[in-house]
Amino acid sequence: MSLEPPPPKIPVFHPELVAGRTALVTGAATGLGRAIAQQLAEAGADLVLAARNLERLEAAAAEIRATTGRRVEAAMVNIRDRASVEALAALVGERHGQVDMLVNNAGGQFAQRARDFSPKGWNAVIETNLTGTWNMTQVFGTQMLDGRGGSITNIIAVIGRGFPGIAHTAAARAGVLELSKTLAIEWGPKVRVNCVAPGPIQTEAFKLTYDPQIETLCEGIPIARFGGPDEIAYAAVFLASPAASWITGEVLYVAGGQQIAGRNQALFDSAF
């Protein structure tokens with residue numbers, strides 16, 4: 001079976017949908033984060049792009065400024081390091097007052113049988129995907145609660161069906177989902193907290209993480225193809241925007257139906 005490519009990017013949002021608001025996107029130099037940042041800027045937001053690689057961030061910021069005319073800044077952060085997150089918050093507070101829309105996109109994992117995880121490998125994924133998300137959420141969420149409110153959108157994964165081959169990220173992302181639902185109750189109505197759960201997306205990180213033939217596992221999902229980064233970005237911008245003003249504690253699966261049918265695994269059956 002030959003899988004269809006993702007559809008081309010199309011204009012979706014009004015150019016002033018989130019005008020006058022500042023958005024912070026983590027892991028914004030490449031892949032999903034880069035696409036989300038672009039879509040937010042095209043919808044009118046000013047941006048702070050955050051990640052560990054400042055050189056790539058600066059390049060992304062320059063491209064978005066050139067194509068949208070928005071104010072776009074780049075700032076280094078290690079989301080696993082609480083002091084680094086707090087330093088970023090101080091910088092953003094000084095320049096913007098507060099962030100109105102936080103998109104926690106930064107994360108990472110590697111495909112491996114659970115029986116083979118080392119303590120270091122397990123901890124690295126949990127600290128990035130769960131604790132790192134918590135660091136950003138608590139620090140910037142507190143600013144929102146003490147200020148004019150805002151929205152937090154967490155990028156997770158297809159969970160609830162098990163995820164053989166990346167058990168560590170399945171555990172971490174499930175934790176982020178329950179965290180998001182809990183904070184939606186504690187922090188509502190001033191701060192909305194939602195999740196976007198992508199299926200397999202064609203990005204460089206995906207190609208580096210998984211076997212080239214893993215695409216065959218897409219064949220059984222209802223929309224049997226890879227997703228494109230912009231398809232995730234559309235969902236993230238929607239949930240962050242006033243268009244979703246009465247939505248909180250929700251998870252939006254953007255996965256071609258993988259959450260209900262088809263294979264959901266990062267390694268082939270033979271690996272287990």
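The points below begin with how the model is to be read and then turn to the details.

1. This is a predicted model, in which local features need pLDDT of at least 70 and side-chain atom pairs count only at pLDDT 80 or more, while totals for chains, interfaces and linings use all residues. Residues are numbered from 1 along each chain as its sequence is written, and side-chain values use heavy atoms, with hydrogens and water left out.

2. Helix α4 (residues 119-146) packs with helix α5 (residues 167-187) at an angle of about 15°, their axes lying 8 Å apart. Because of that angle, α4 is roughly parallel to α5 (angles under 35 degrees count as such).

3. The contact (heavy atoms within 4.5 Å) involves residues including Trp122, Ile126 and Trp134 of α4, and Val176, Leu183 and Trp187 of α5. The residues of this contact divide into 13 nonpolar, 9 polar and 1 charged, where Ala, Val, Leu, Ile, Met, Phe, Trp, Tyr, Cys and Pro count as nonpolar, Asp, Glu, Lys and Arg as charged, and the others, Gly among them, as polar.

4. Asn194 lies in strand β6 (residues 191-198), and it counts as buried because its relative accessibility is 1% (buried means under 20% relative accessible area, with a 1.4 Å probe and protein chains only).

5. Leaving aside residues up to four places away in sequence, Asn194 touches several residues, among them Ile152, Asn154, Leu239 and Gly249. The side chain of Asn194 reaches the backbone nitrogen of Gly249 at 3.2 Å.

Note on methods
Axes are lines fitted to C-alpha atoms, for helices over the stretch in contact, and angles run from 0 to 180 degrees between N-to-C directions. Helices (H or I, at least four residues) and strands (E, at least two) are DSSP runs, numbered from the N terminus. Angles under 35 degrees count as roughly parallel, over 145 as roughly antiparallel, 65 to 115 as roughly perpendicular and the rest as oblique. Buried means under 20% relative accessible area, exposed over 50%, partly exposed in between (1.4 Å probe, protein chains only). A polar contact is a pair of N or O atoms within 3.5 Å; within protein, one must be able to donate a hydrogen and the other to accept it, and residues adjacent in sequence count only if both atoms are side-chain atoms.
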